[in-house]
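I want to note how the parts of this protein meet.

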Amino acid sequence: MSRTSGSTPDSRTALRVCPLCEATCGLTLTIEGTRVTGARGDRDDVFSKGFICPKGASFGAADGDPDRLRTPLVRTDGELREATWQEAFDAIAAGLGPIVEQYGPHALGIVLGNPNVHTMAGALYPTVLLTALRTHNVFTASTLDQMPKHVSSGLLYGDANAIPVPDLDHTDHLLLIGANPLESNGSLCTAPDFPGKLKALRARGGTLTVIDPRTTRTAKLADRHVTVRPGTDALLLAAMTYVLFEEKLVDLRDVAPYVQDVEELATAVRDFTPEAASEACDVDADTIRALARELAAAPTAAVYGRIGSCTVPHGTLASWLVDVLNILTGNLDRPGGALFPQAATDKTPRPAGPGRGFALGRWRSRVGRHPEAKGELPLAALAEEIDTATPEGSPVRALIAIAANPVLSAPDGNRLDKALDSLDFMVSVDPYLNETARHADVVLPPPPPSQSAHHDFAFNTLAVRNQVRYNRPAVPLEPGRMAETEILARLVLAATGMHGADPSAVDAMVIDSTLGKAVQDPHGPVHECDPKELATRLTGENGPERRLDMMLRLGPYGEGFGARPDGLSLEKLLAHPHGIDLGPLRPRLPQPLKTRSGKIELLPAPIADDLPRLRAALRERPAAIVLVGRRHLRSNNSWMHNVPALTGGTNRCTLHIHPEDAARLGLADGAAVRVKGAGGEVVAPAEVTDTVRRGVVSLPHGWGHDRPGTRMSHAALDPGVNVNQLLDGSLLDPLSGTAVLNGVPVELAACP
């Protein structure tokens, strides 16, 4: 920390990586006493180099939100009241234990929300909790967002977390489908200043192609913008794949030795001609052929798809085809193409060779019989798992929700709202009393981000440049607060029959287990060492820091407990407060492959089995009006609507509708519109705009802050409507269990 020039005597600065979106920009915070009064970009940050967006600039306002809970809440006589931490964990142990003992582990459900991947605690402890509880009823935000990419990566490469990202700084041709990084700052592609990288691509003579039914800020920057019909992304990509084979444009280049099933794929896509796909996609055949030819002809190229192509009926197929196009044009694992990042806390790289592969459907949900994917069930099925009895198995009777608000983020919040109210017991770890947490019997509030240490475990595995950064808390914990790491460690103990044990026991258990396995690895740096002696050499002020030190030492850049003296450790990282640059992404194949064949399995059986469903979509008649979502630069999760600096202006809950559709339906700008879907109806003001194509309307996600019993005062002033109430949860991508949130048929009517 340092004094700020010209500031008050009590003013100082501290470095902090922003946790408010996936870009992970470095910030310089101005702190007066214990309050964050300002935030600017850290120009010396090795990754973001001073870039900042409105969310990062509002760090102080989000951090100091007066509606953040400061003490635990425990339900007594039907009312949530402030309690001590001891009372809260006593209540959790007493509430969960008897339910699991009587009904078994699957009577307990776990819901993990998006903010978990933005905190150290969320990365380090939920996996310990899930391992200990052994419940099959695990639900996360991934099945509302990114699970199709995990599933397609698992099937292609044998590892659901082996996700290649576009080499934005070096590519000559970037094709974006269903992605709007000028608003989202990037997703499953961690890239500070994504807008600047796209402008740099154009400036060096590269080409940007955007496929999106909306004329987004990103689309306005493009050389070519294709307004595809929502939900038909996989058909368009399949037709492009067909063109590569038909016109003999396939060139695997250096990746050829690691790929199998190329001829089988050519046969599998032979029905997806541009002419056949054209009507369904509403993109003419010549444009489809041009897209494929331009991709193949570029010196280097990368295809990148995101939420718009994931949350659709064929989300996994679309995600698979994104990688197929990168592979067939020789742009996978190639500078300027799409490469596999290597995070500093990744496991020690093993020698290339066959692995265990990736399996789907190892168990199924009790009611809808939805197959598991990556250890998770569809979040859209949570309500039925609570409120529906079946002859086999117990309903979910108790729930632990960590940084999750599925009443707003999942389909049919009204049903889930009632289901949560029927639970025997519920725990919520959340800084707010929001639409979901209000049902809890115990609410455990983590401190604001300035009072927490920070390292990006998940996002560094998706970063467009290899680097590593770590921040200790910028300000000390307030009296009465508890560190989020300790909250989740104590939750693990209370939920698993170890209530009362020292929370450091959780970290010690993980360290002992990890080092015990590491010394047995003949390819690792500590083979046949004494794990207990290694543990004594770990540094750090607490258990989480010692775990980070262990992961850095054992990781691909680590010092290996002395085996590689120039490598990483926590001590070395602390000596570089702006981070350590580990270099550009590099080719890594075949090392990331964990398929049973040891190769990229281009046409895995689950994909082949789902292609007939895509062929049938060639003949489907489109609905008159379909709904798509919308991102705002000044928003991310539902809780951000409680920060005044991040609401207003363009960040409003309005229904975007094309002028011709508005005229046909008699809708004026600003008029109230009733929107009806399979799950219910909402009323929102119309915003007439040509940024959506005809036949498409758009509502943003995360609004609907009008339920009683919440404590989000600013959000309640302009609550908006919950777009997910239009969905009944029945529309899912069958391979990944991901809810269909885009391309959903709706009916519109003017309100009297």
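**Ground rules.** I am working on a predicted model, where local features need pLDDT of at least 70, side-chain atom pairs count only at pLDDT 80 or more, and totals for chains, interfaces and linings use all residues. Residues are numbered from 1 along each chain as its sequence is written, and side-chain values use heavy atoms, with hydrogens and water left out.

**Domains.** I looked up the assignment, whose bounds come from an automatic or database source. It gives domain 1 (11-64), domain 2 (69-135 + 346-456 + 470-501), domain 3 (152-339 + 595-615), domain 4 (510-575) and domain 5 (622-750).

**Domain 1 against domain 3.** Their centres, taken over C-alpha atoms, are 34 Å apart. I find ten residues of domain 1 in contact with nine of domain 3 (heavy atoms within 4.5 Å). The two domains bury about 770 Å² between them, 58% of it on carbon and sulfur atoms. Buried area here is the accessible area (1.4 Å probe) lost on putting the two parts together, summed over both. Glu22, Phe47 and Phe51 supply 64% of what domain 1 buries against domain 3, more than any other three residues.

**Sheet.** I traced an open, mixed sheet of seven strands, ordered β29-β22-β26-β23-β25-β24-β30. Strands are DSSP E runs of at least two residues, numbered from the N terminus, and two pair if DSSP finds at least two bridges between them. At the edges, β29 (744-745) and β30 (747-750) each pair on one side only. Inspecting β23 (655-657) and β26 (696-698), I see antiparallel pairing over two bridges. Ile657 has Val697 in β26 as its bridge partner.

Methods. Helix = DSSP H or I, 4+ residues; strand = E, 2+ residues; numbered from the N terminus.
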